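Thanks for coming, everyone. I want to talk about aromatic rings today. Please look at the screen.

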Amino acid sequence: TDVAVSIAIPSPPVLPAMRVAIAVAAAVGGVQLYGGFAGLRWSDWDGRQVCRPAQYFTPGSEEEVVRVVKQAAAEGSRVKVVGAGHSFSAIALSEGAHFISLDNYRKFIRAEADGQHVRVQGGMRLFELNEELEKRGLALRNMGATAEQSLAGVTSTGTHGTGRDGSISTFIRGMRIITADGVVHEVSRNTTDPKERELFDAGRVGLGALGVVTEMTLAVVPLFKLRLQTISIGLDHLLPQLPQLLKDHERVQWYYFPFTGENATLVVRTETTEPKSPGGCWNITTPSPHIGEEGPGGGTIVGDCTDVGYKAMTGSPPHYEARSLYTEMEMFVPAEHLAEAIKDFRAYQDKVEPQHNKSWSVFTGVRYVLQDDIWMSPQYRGPSAVLSTIVQGHSEHETGDPTEFALFAKGMENVTAKYGGVPHWGKMNWAAYDDVATRYERFGDFNKLRKRVDPAGMFMNDYLTRLLEPPTVALV
């Protein structure tokens with residue numbers, strides 16, 4: 001029997017302390033809620049997105065997920081699936097809804113015999129998958145800087161790394177998704193039924209709007225090592241070299257802090273067969289002899305390490321726990337428009353510098369993602385350059401100032417609109433229906449599919465309504 005209770009559960013040290021409180025509805029014996037949940041309130045990682053779910057379920061089987069979905073349908077309630085709470089947008093919020101956490105449905109199921117695919121449950125965290133893959137001599141091709149998110153969450157929002165790869169969602173080769181009627185669909189790139197195939201084509205970046213993703217088959221590669229070089233370089237010296245750097249190096253990203261001088265930081269990762277450096281990239285014990293040498297682009301190497309791929313792409317769990325809170329926004333622009341977009345955004349930053357509060361750190365970064373065929377992926381139209389704005393807090397308990405963040409993030413949103421920019425679904429944004437409807441070729445197809453599999457809008461919330469539904473006009 002499901003019972004509503006108020007309980008406090010500590011967060012394990014390897015997972016983010018999200019300071020979240022929720023009303024738990026579950027058979028409470030032996031329930032373990034990873035992520036730091038207690039009480040009657042849920043918030044995201046930086047504490048900016050907050051709601052009060054009516055009930056909170058932690059199913060341990062697919063059958064239990066189906067029961068929750070059917071119960072919500074019978075009650076006319078909404079459903080939201082929540083993971084690590086690392087989306088800065090309101091994509092996970094739904095006041096008074098049934099919340100489902102897949103934290104008790106997070107197993108590594110199997111590595112396929114072909115050595116190129118693995119089957120996992122949707123609640124598995126990325127860092128857990130990395131560890132399981134390393135044990136088997138396998139790896140994901142690419143990922144972002146953070147590995148605490150759930151697989152269902154990180155793929156539903158189109159989260160990405162940088163380089164000559166698509167987002168993490170492009171690694172999905174098959175998936176199980178439970179739609180609003182409680183039906184479990186097994187879909188893949190080999191699905192021939194047109195209606196079922198639509199669930200695969202759209203569901204890999206489904207925004208949480210199509211159903212509950214419970215399992216997925218992912219493409220993997222043999223475990224590999226990366227050399228991670230961090231290079232200090234003048235920003236104006238870097239910018240004209242970017243086209244050549246992108247040709248010469250598979251994994252490139254760069255960033256700068258406006259108003260702090262003319263320097264930028266270039267990050268280059270290169271596949272290598274060289275041995276792991278002392279301590280790897282997570283616990284460097286001996287400084288690299290290459291520190292101070294000239295690096296790619298003619299800058300100065302200030303960091304240099306070699307490790308297994310995921311440890312050169314993501315931070316360690318202790319680093320994640322210790323870092324200051326922040327709020328982030330990302331805008332995707334067609335890669336060919338990056339130079340103009342950066343020029344315009346730097347001009348905007350210069351213009352608003354008098355309004356900048358120098359006590360807050362502002363970050364501007366750029367990464368690169370290849371084209372894919374997923375309906376609501378920003379890369380459906382072609383390869384993207386991804387511009388990021390972050391305002392850093394002063395500690396692991398305080399996120400960046402919201403006024404300062406809005407100044408630069410809204411500015412970036414407005415600047416990139418000229419180039420067809422679209423926001424990361426899981427990062428803070430102010431976009432609305434008119435901003436995205438014309439910039440996604442399959443937007444109409446996605447909405448038709450959404451209404452077919454969820455006619456009552458069970459999986460919708462205010463954020464998705466703002467983006468996917470045309471605004472209503474009040475009659476006078």
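**Aromatic pairs**

Start with tryptophan 45. Its relative accessibility is 4%, so it counts as buried (under 20% relative accessible area; exposed is over 50%, partly exposed in between, with a 1.4 Å probe and protein chains only). Tyrosine 326, at 7%, counts as buried too.

A word on the source. This is a predicted model: local features need pLDDT of at least 70, side-chain atom pairs count only at pLDDT 80 or more, and totals for chains, interfaces and linings use all residues. Residues are numbered from 1 along each chain as its sequence is written, and side-chain values use heavy atoms, without hydrogens and water.

The whole structure holds 15 aromatic pairs. To pair, rings of Phe, Tyr and Trp (its six-membered ring) need centres within 6.5 Å; planes under 30 degrees apart are stacked, over 60 edge-to-face, the rest tilted.

How do tryptophan 45 and tyrosine 326 pair? Their ring centres are 4.9 Å apart and their planes at 65 degrees, so the pair is edge-to-face. Tryptophan 45 sits in the loop between strands S3 (42–43) and S4 (50–51), tyrosine 326 in strand S19 (residues 326–334), 281 residues apart. Strands here are DSSP E runs of at least two residues, and helices H or I runs of at least four, numbered from the N terminus. One aromatic cluster takes in Trp45, Phe88, Tyr320 and Tyr326.

Next pair. Phenylalanine 257 and phenylalanine 363 have centres 5.7 Å apart and planes at 75 degrees, so they are edge-to-face. Phenylalanine 257 is partly exposed at 32% relative accessibility; phenylalanine 363 is buried at 18%.
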